[in-house]
Amino acid sequence: MQKWIMSGLFFAACAFAVILMFTLPGKEQVAEQNNPTMPTVKADPAKAEATVKANCITCHGDQLQGGVGPNLQKEGNEHTAEQIYSIVTKGRGQMPSFKDKLAPEEIANVAMWLSEKK
């Protein structure tokens with residue numbers, strides 16, 4: 001009787017393992033989720049500045065001098081446009097994610113604009 005119970009548990013565990021193998025995301029999917037791809041956009045400094053004024057100045061200051069958030073006046077020295085895009089999209093530390101508040105193209109435009117600040 002005990003053999004049958006152990007055999008049943010073994011087969012149930014194997015079935016569960018097979019199901020997990022086919023339903024869990026692979027390394028490529030996890031990497032894609034962790035590193036969002038920046039869309040190609042034409043830089044529009046006026047739109048980027050308007051987006052920043054509407055969404056970022058409460059934490060980063062009206063001159064990007066910092067406050068609750070860090071100083072962004074020379075952000076291009078610290079991060080590339082792709083890195084800035086990833087930070088704004090996913091959020092980091094106390095900074096919230098903006099992927100649900102801004103379109104990817106808006107985030108990319110802001111990232112390109114900030115990356116030019118050196």
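**Chatting through the core and fold**

User: Hi! Which residues touch the most other members of the largest nonpolar core?
Analyst: In this predicted model, M38, V52, L64, Y85, I107, W113 and L114 touch the most other members of that 19-residue core. A nonpolar core here is a set of buried Ala, Val, Leu, Ile, Met, Phe, Trp, Tyr and Cys residues joined through side-chain atoms within 4.5 Å, and buried means under 20% relative accessible area with a 1.4 Å probe, protein chains only.

User: Which elements give two or more residues to this core?
Analyst: Those are helix 3 (45-55), helix 6 (81-90) and helix 7 (104-115). Helix 7 gives the most, with seven residues. Helices are DSSP runs of H or I, at least four residues long, numbered from the N terminus.

User: What does L64 touch?
Analyst: Leaving out residues up to four places away in sequence, L64 touches V52, N71, L72, Q73, W113, L114 and K117. Contact means heavy atoms within 4.5 Å.

User: Switching topic: how many helices and strands are there in the chain?
Analyst: The chain has seven helices and zero strands. Its radius of gyration, taken over C-alpha atoms, is 22 Å, well over the 13 Å that the globule rule (2.2 Å times the number of residues to the power 0.38) gives for 118 residues, so the chain is more spread out than a compact globule. The C-alpha trace spans about 75 × 30 × 25 Å along its principal axes.

User: And what percentage of the residues is buried?
Analyst: Buried residues make up 28% of the 118 in the chain.

Conventions: Residues are numbered from 1 along each chain as its sequence is written. This is a predicted model: local features need pLDDT of at least 70, side-chain atom pairs count only at pLDDT 80 or more; totals for chains, interfaces and linings use all residues. Side-chain values use heavy atoms; hydrogens and water are left out. Buried means under 20% relative accessible area, exposed over 50%, partly exposed in between (1.4 Å probe, protein chains only).
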